[in-house]
Amino acid sequence: MKAATFIEPGKVEVKEYEKPTIQKPTDAIIRVLRACVCGSDLWWFRGISQRQAGSTVGHEAIGIVESVGSAVKDVQAGDFVIAPFTHGCGHCAACLAGFDGDCLNQEAGGNGGYQGEYLRFTNANWALVKIPGQPADYSDEMLNNFLALADVMATGFHAATSAEVKQGDTVVVMGDGAVGLSGVLSAKLLGANRIIAMSRHEDRQKLAREFGATDIIAERGDEAVAQVMALTKTGADAVLECVGTEQSVDTAIKVGRPGAVVGRVGVPQKAEMNTNNLFWKNIGLRGGIASVTTDDKQVLLDAVLTGKIQPGKVFTKQFALEDIQAAYEAMDQRTAIKSLVVVSDR
């Protein structure tokens, strides 16, 4: 089988591998239909973080279950599924509390190989999200919506729920990548009245407005804070931090009103931060790894099926698996908001 492989910073290639097999009773083998490139993949692609050379890559996919282990009862061969990156078991303390991104029974090294023809998926019984029917029942646009639920939409939604967004709120969204745009869509879904998107890029500003943004601020740092205060007078009720840089986190705290909550899903790019600024405004800071299976099953899959949200619009360029290098370069060079990778037809 073919799968995308990390060679060195700035270089990925498609290589041949043995097709994966069931190794544990809780496994499933999935034939991948569509995958994509994540903003977090750019960390190792750019050489900012370390990744083992020769490792397979990708952590978002939809596909067809080909076979299951003996302990897997809730999905079966032939099912059409979303394959989240979180691999929650569904019965540990974290999963039962709704935080399957922090599942206590995740298998090490589970994220990788989604950008390939076949995937061994662990904790398959609960973690996989079944989609009604078969791929042929849906349009290409709908398939893209399902793919977004494997990570990016669920991560944006996690930012919004962590920030406790509720009906009528004023929300600021830090970041105009696919996660930030999904955060805009999530804030709208949860009933926010005013959504201020921080964005410098025209194509992303346009999609942010389509997703529900009422205001756009292009400034950064203290200028951005001043703009938010000019619009809101008191600051935002909730802030979605979808970047992870020191400046983004600092700004997120400063634009919240007293008592606001910052929902943080941007992977931290600095080990330390000054939490004293939270104290002086009674601002809460929550968030982390998304609860993909939990939120997909409880809210997001239904929202897609009923047409309430169309998160697949974040995919602005499409590539074949053989063109995986170009898919990464499009993300790296910001010519795509998010790169879709078509692995096989329906």
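Predicted model: local features only at pLDDT ≥ 70, side-chain atom pairs only at ≥ 80, totals over all residues.
User: Where does Asp-169 sit?

Analyst: Asp-169 is in the loop between helix H5 (152–162) and strand E8 (170–174).

User: Is Asp-169 buried or exposed?

Analyst: Start with the cut-off: buried means under 20% relative accessible area. Asp-169 has 4% relative accessibility, so Asp-169 counts as buried.

User: Which residues does Asp-169 contact, leaving aside neighbours within four places in sequence?

Analyst: Asp-169 is in contact with Glu-164, Gly-191, Ala-192, Asn-193, Arg-194 and Asp-237.

User: What about helix H5? How do I read Thr-155 in it?

Analyst: Apply the burial test again. Thr-155 lies in helix H5. Its relative accessible area is 9%, so Thr-155 is buried. Beyond four places in sequence, Thr-155 is in contact with Phe-85, Val-179, Val-265 and Ala-290.

User: Now the sheet. What is the strand order?

Analyst: Read across the paired strands. The order is E10-E9-E8-E11-E12-E13, in an open sheet of 6 strands with parallel pairing. Strand E10 (215–217) and strand E13 (284–286) stand at the edges. Each has a single partner strand, so one side of each is left without a neighbour in the sheet. Neighbouring strands are turned by 20 degrees against each other on average, direction ignored.

User: Over how many bridges do E8 and E9 pair?

Analyst: E8 and strand E9 (residues 194–198) pair in the parallel sense over 5 bridges.

Methods:
Residues numbered from 1 in each chain as written. Heavy atoms only, no water. Helix = DSSP H or I, 4+ residues; strand = E, 2+ residues; numbered from the N terminus. Buried < 20%, exposed > 50% of the residue type's maximum accessible area, 1.4 Å probe, protein only. Contact = heavy atoms within 4.5 Å. Pairing = 2+ DSSP bridges. Axes fitted to C-alpha atoms, helices over the stretch in contact; angles between N-to-C directions.
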